[in-house]
Amino acid sequence: KKKKKVKLVKLLEMMMMSMMTRRTVRMKIGRRNLTTVYGSPVQTSSSDAADMYAYVLDQYVHDRKISFDVLKRAVELDDDFVHPRCLLGLTDDSRTKEMVELVKHSNSSYAQALNAYAENRYEDVAEILDETLLRRPSDLVAVKLASDVLFKAGETKNRRSIVPRVLDRWVESEPGYAQLLSIHANAMIDDGDAKSAEDLAMRVLTMDPHNTSAVFAAASSMLVQDRPRECIRLIREFKESLYDDDGTILPEVEQKLAWFWALCDVEQGKYEKALRRYESYGGSTNFPLRWGLSDAVSLLMRLKLCGEDIQSHWMRLVDDVSTDVTSLSSMDRIHAVILFNETEEHEHKVHELLSTEQNELIGDISKAIVRIKSNPEDGFHLLRKLRFQFDRIGGGSILHRDLLNWILLESSLRSECYDHGRAILAEQIATRPGKAQWWRFSAEILFSLGRVSEADQSYIRALDLGLGQGGADSH
């Protein structure tokens, strides 16, 4: 009991220190306090509950892993405290139905949003929060919730419009302004505007070099623009600024930076380095940090398609994946299918995922991926017909979705559908002419078609763009 008490005291001290860095306005109303945190009003009779909730909000708006134990404690301290229940239900799908019951008598816009979210009415959630932002344009929590819900739904256009609708009513000195811009930068990347996203993310980093979301946005935009070396320089430059005052860095932040760096290694043909980076930051059983499902699978599958033997890594990863897939995003479910499909003894899990999938697009993409293994030609054509819908997959970034293009091109080679593969590759190169890996695929397809001279030219182009400049472990 003494240990638990000391731990709670330390946690409260940490929260109070965090609270000192943000604007908090309190006004007495009867027996309650009205507390505004990041423009979001909070009513509770418990100051401890308010402080705990504000601490979690600080984590949430800055894209840090939420301390669900702290949030649950805030819920327990005040039976009438609606907002932490709504946040818990909107960010932890395993608690959504429970939280809906607890706030069903509330007229709060957050409670209405939670009810719509529980029924998978994501556009209605965004509409409710949009109405909230008309009344409270500085409510950063509502902005973040709307962005996250539309991200999960794959609504890239709608998501990109959230911040511009309120931006003219913000001022740069407003607490959370830098984070508001970083939310918009990440939305622009997923909508395909990487150049504008990079410019905005770098602007945020001049305002706040410790902004994790802006570093992620800048790194993503550089990768999408096929500038892996610049992305690595960015990570090196800003990684130190993401450390806390005690000299530590959050595991989820370190893992995400490792993922970006490993993807840069793959783009440059440094396959063994990418694999070592994965192992060093949680991809081995000797390291306590675990990678996110989509991050791990999207990296390992790229390495497999580049000729690396990663079967043992599949087996280690599959043991860490929860058998309960109900809380996984659409993107995670596709990556779970890829993972289980690569480990033959887990085929029953593949069938379970396919039989329980309620999203038609996710189900069709998953079936195509599975079909490629048993019948490459059929699987290729199934996936080929779905390629223009990849950007509708929710819950993952453009870098996660890009893996599907890799799988599609590799399956064109395996199924010997070279003409189709060449045409699809022409589509990809037209939009991303600086991607070395696309030119490597081009060389393989042209060689398979007997166009040896053109294949040589494509491979030389891949080398010119940086493929194979990683030293002895490059291909």
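Tutor: Let's call it a salt bridge when a side-chain nitrogen of Lys or Arg lies within 4 Å of a carboxyl oxygen of Asp or Glu. Keep in mind that this is a predicted model: local features need pLDDT of at least 70, side-chain atom pairs count only at pLDDT 80 or more, and totals for chains, interfaces and linings use all residues. Residues are numbered from 1 along each chain as its sequence is written, and side-chain values use heavy atoms, with hydrogens and water left out.

With that rule, the count comes to 34 salt bridges. Take Arg-160 and Asp-193, whose side chains meet in one of them at 2.9 Å, N to O. Arg-160 belongs to helix α9 (residues 156–160) and Asp-193 to the loop between α11 (177–190) and α12 (194–207), so this pair ties together parts that are 33 residues apart in sequence. The helix and strand labels come from DSSP runs (H or I, at least four residues, for helices; E, at least two, for strands), numbered from the N terminus. As for exposure, buried means under 20% relative accessible area, exposed means over 50%, and partly exposed is in between, using a 1.4 Å probe and protein chains only. Arg-160, at 23% relative accessibility, counts as partly exposed.

Next, go to Lys-304 and Glu-342, which meet in a salt bridge at 2.6 Å, N to O. Here Lys-304 sits in helix α17 (residues 293–305) and Glu-342 in helix α19, so the bridge joins parts that are 38 residues apart in sequence.

Since 13 of the 13 residues of α19 are buried, the helix is largely enclosed by the rest of the structure.

Leaving aside neighbours within four places in sequence, Asp-332 is in contact (heavy atoms within 4.5 Å) with Leu-293 and Ser-294.

Asp-378 forms a salt bridge with Arg-371, with the closest N and O atoms 3.1 Å apart; Asp-378 is partly exposed at 35%, and Arg-371 is partly exposed at 34%. Then there's a network of salt bridges linking Asp-226, Glu-267, Arg-302, Asp-402, Arg-432 and Lys-435.

Now the rings. Rings of Phe, Tyr and Trp (its six-membered ring) pair if their centres lie within 6.5 Å; planes under 30 degrees apart are stacked, over 60 edge-to-face, and the rest tilted. That gives nine aromatic pairs. In one of them, Tyr-53 and Phe-81 have ring centres 5.5 Å apart and planes at 75°, so the pair is edge-to-face. Tyr-53 is in helix α2 (residues 47–61) and Phe-81 in the loop between α3 (68–77) and α4 (82–91), so to speak a link between distant parts of the chain, 28 residues apart. Both Tyr-53 and Phe-81 are buried. By contrast, Trp-170 and Tyr-177 have centres 6.5 Å apart and planes at 40°, so that pair is tilted; Trp-170 and Tyr-177 are buried too. Ring pairs also link Phe-216, Trp-259 and Phe-260 into a cluster.

Finally, charge meets ring. A charge sits over a ring if NZ of Lys or CZ of Arg is within 6 Å of the ring centre and within 35 degrees of the ring normal. Lys-144 lies over the face of Tyr-60, 4.5 Å from the ring centre, and the charged end of Arg-440 sits over the ring of Phe-441, 4.7 Å from its centre.
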